[in-house]
Amino acid sequence: MDTRKFAMNYGTVLGLCLALIALILWSLGVDEQQSAIPSMLNNVVIIGFLFYVITHYRDTFNGGYISYSQSLKLGTSVAFFSSVLMAFYTFVYITYLNPDMLSNILNMTEQTVLQSNPEISEEELDLALEMTGKLTQPHWIMIMGVLSGTFMGFFYSLVLSFFVKKSDPNKIA
């Protein structure tokens, strides 16, 4: 099977699983800014899923062998495709499910800045809030989501690849 198609298929499955978890937590009223549960749950799911995908590819489609670089590439590709799907979910979430989220982020930023630096001038506070407002637009959040999700997938795959790599003893370097 083509590695790219395999990564796209399993990246889609991972993205749908993460979106489903996010929807369930949202419907239960779990606040992702104040609870560590969503982050921990997502990381456990991502690590477990990447481990499963890489070992499944190794054992089913690659004759039981996979190099470190192949494993790293596959895990990062799966993370990339799931991040793209999660970016679209995030857009829908911010736009339709929780449209007050961006204003809540700006309010929390203002409170945090004022608590950390009560002597801040009005101009500096306005500049900080303006920059935060620009970076919390849905398109920037989507771009940052894809980049950060891919980076985290790369990092997890970097570690996982040490454990799942299996060299073919018959293959000459």
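This is a predicted model: local features need pLDDT of at least 70, side-chain atom pairs count only at pLDDT 80 or more; totals for chains, interfaces and linings use all residues.

Modeller: Residues are numbered from 1 along each chain as its sequence is written, and side-chain values use heavy atoms, with hydrogens and water left out.

Biologist: What makes F6 and Y57 a tilted pair?

Modeller: Rings of Phe, Tyr and Trp (its six-membered ring) pair if their centres lie within 6.5 Å; planes under 30 degrees apart are stacked, over 60 edge-to-face, and the rest tilted. A search of the whole structure finds eleven aromatic pairs. For F6 and Y57 the centres are 5.0 Å apart and the planes are at 55°. That makes the pair tilted. F6 is in helix α1 (residues 3-28) and Y57 in helix α2 (residues 37-61), 51 residues apart, and the pair links distant parts of the chain. Helices are DSSP runs (H or I, at least four residues), numbered from the N terminus.

Biologist: Why is the pair of Y68 and F162 called tilted?

Modeller: Their ring centres lie 5.0 Å apart and their planes meet at 45°, so this pair is tilted. Y68 belongs to α3 (residues 68-97) and F162 to α6 (residues 138-164), 94 residues apart.

Biologist: Why does Y68 count as partly exposed, and why does F162 count as exposed?

Modeller: Buried means under 20% relative accessible area, exposed over 50%, partly exposed in between (1.4 Å probe, protein chains only). Y68 has 24% relative accessibility, so Y68 counts as partly exposed. F162 has 53%, so F162 counts as exposed. F6 and Y57, by contrast, are both buried.

Biologist: Which residues form one aromatic cluster?

Modeller: F6, Y10, F49, Y52, Y57 and F61.

Biologist: How do you know that the span of α1 agrees with what it should be?

Modeller: The expected span is 1.5 Å times one less than the number of residues. With 26 residues, α1 should span 38 Å; the end C-alpha atoms are 37 Å apart, so the two agree. The buried residues of α1 include F6, Y10, L14 and L18. Their cover includes α2 and α3. Just after α1, G29 takes a positive phi of about 85°.

Biologist: How do you know that the buried residues of α5 line one face?

Modeller: They are L125, L129, T132 and G133. Seen down the axis, they fall within an arc of 100° (from the directions from the helix axis to the C-beta atoms), so they line one face of α5. On the other side, E123, L127 and L135 are exposed. What covers the buried residues of α5 includes α4 (101-116).

Biologist: Why is S71 called buried?

Modeller: S71 has a relative accessible area of 0%, so S71 is buried. S71 lies in α3. S71 touches I54, I66, S161 and V164 (heavy atoms within 4.5 Å), not counting residues up to four places away in sequence.

Biologist: What makes a set of points a pocket?

Modeller: On a 1 Å grid over the protein atoms alone, a pocket is an open set of points where a 1.4 Å probe fits, with protein on both sides within 12 Å along at least five of seven lines; lining residues have an atom within 4 Å of a point. The largest pocket holds about 970 Å³ of space. Of its 32 lining residues, the closest to its centre are N42, M86, T90, G145 and S148. α3 gives the most to this lining, with nine residues.

Key:
Helices (H or I, at least four residues) and strands (E, at least two) are DSSP runs, numbered from the N terminus. Grid points are joined across faces, edges and corners, and a volume is the space filled by probe spheres set on the points.
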